[in-house]
Amino acid sequence: MCIDSIKASYKYLGKWREGLPTFELFGLDFMIDEEFNPWLIEINTNPCLETEGRVLEKVIVPLIDNVFKLTVDCVFPPPKNWSNSNKHLVSKNVNVNHFELVFQEN
């Protein structure tokens, strides 16, 4: 469902910045019926990133860390002497990518 939704709309995404590299984080909301079938309810272009709860904290904090590593850090890499102490959000292994490419335009 996720891949089909992106394939159906990718030509309309990021048109306002054509020619420049862009990215966007989407939130996909699903419901599971009594037979465990997933139903796509909506796709948000501005998903909620609140971490009020252990599950949300375990999912959202690494998600944001990975988004920055794949986008901002590519343009503005951390300094060579970057400290990965506990006071920073950046994970200890900055080269790990936890996303999986599921669709590529060409």
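Which residues form a nonpolar patch on the surface?

**View 1. Nonpolar surface patch.** Phe68, Val72, Val75 and Phe76 form this patch, with about 400 Å² of accessible area together. Patches are made of residues with over 30% relative accessible area and no salt bridge, like charges being joined within 9 Å and nonpolar side chains (Val, Leu, Ile, Met, Phe, Trp, Tyr) within 5 Å. A salt bridge is a side-chain nitrogen of Lys or Arg within 4 Å of a carboxyl oxygen of Asp or Glu. Accessible areas come from the Shrake-Rupley method with a 1.4 Å probe; for residues, only the protein chains shown count as cover. This is a predicted model in which local features need pLDDT of at least 70 and side-chain atom pairs count only at pLDDT 80 or more, while totals for chains, interfaces and linings use all residues. Residues are numbered from 1 along each chain as its sequence is written, and side-chain values use heavy atoms, with hydrogens and water left out.

**View 2. Val75 in helix α3.** Val75 lies in α3 (residues 72-75); helices are DSSP runs of H or I with at least four residues, numbered from the N terminus. Val75 counts as exposed because its relative accessibility is 57% (exposed is over 50%, buried under 20%, partly exposed in between; 1.4 Å probe, protein chains only).

**View 3. Buried residues of helix α2.** In α2, the buried residues are Ile60, Ile64, Asp65, Asn66, Val67 and Lys69. Their cover includes α3, where contact means heavy atoms within 4.5 Å.

**View 4. Cysteines.** Cys2 is partly exposed at 35% relative accessibility, and Cys48 is exposed at 55%. The structure holds zero disulfides (pairs of cysteine sulfur atoms within 2.5 Å).

How values were computed: Helix = DSSP H or I, 4+ residues; strand = E, 2+ residues; numbered from the N terminus.
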